[in-house]
Amino acid sequence: NEGWAPDWNNGKYDKYFPWFYLDGGSSGFRYDVCADWLSASTAGSRLCFKSSELAKYAGTQFLDVYKKFMVIQ
């Protein structure tokens with residue numbers, strides 16, 4: 001994240017995170033899209049990025065790491 005830390009008390013700046021798709025078919029677990037997340041969201045805190053480009057990079061580059069973290073096997 002290049003030294004950037006999200007300020008959860010400041011809704012002026014968007015925070016981005018990779019979004020994944022899991023299906024029972026042949027494609028399995030894959031990166032799907034990047035979404036922005038405003039600090040006013042009711043969702044809990046999560047690993048986020050300062051730009052959509054960084055979120056997309058992390059979601060595609062570290063797909064196996066995200067899968068191990070997010071999918072119960």
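## Fold

The protein chain has two helices and two strands. The model is predicted. Along the sequence, the elements of the protein chain come in the order β-β-α-α. Strand β1 covers residues 15-22, and helix α2 covers residues 63-70.

Contacts across the sequence come next. Take the contacts in the protein chain with a separation of 6 or more: residues 24 or more positions apart account for 54% of them.

## Surface and burial

The protein chain holds 73 residues, and buried residues make up 22% of these. Its accessible surface is about 5,400 Å². Carbon and sulfur atoms contribute 54% of that surface.

## An aromatic pair

A search of the whole structure turns up three aromatic pairs. One of them joins phenylalanine 20 and tyrosine 66. The ring centres of these two residues lie 4.8 Å apart. Their planes meet at 40 degrees, so the pair counts as tilted. Stacked would need planes under 30 degrees apart, and edge-to-face would need over 60.

This pair links distant parts of the chain. Phenylalanine 20 belongs to strand β1, while tyrosine 66 belongs to helix α2. The two residues are 46 residues apart.

## Burial of the two rings

Are phenylalanine 20 and tyrosine 66 buried or exposed? Buried means under 20% relative accessible area. Phenylalanine 20 has a relative accessible area of 13%, so phenylalanine 20 is buried. Tyrosine 66 has a relative accessibility of 13%, and therefore tyrosine 66 counts as buried too.

Definitions and conventions. Residues numbered from 1 in each chain as written. Predicted model: local features only at pLDDT ≥ 70, side-chain atom pairs only at ≥ 80, totals over all residues. Heavy atoms only, no water. Phe/Tyr/Trp six-rings, centres within 6.5 Å; stacked < 30°, edge-to-face > 60°. Helix = DSSP H or I, 4+ residues; strand = E, 2+ residues; numbered from the N terminus. Buried < 20%, exposed > 50% of the residue type's maximum accessible area, 1.4 Å probe, protein only. Contact = heavy atoms within 4.5 Å. Areas by Shrake-Rupley, 256 points an atom, 1.4 Å probe, with all protein chains shown as cover.
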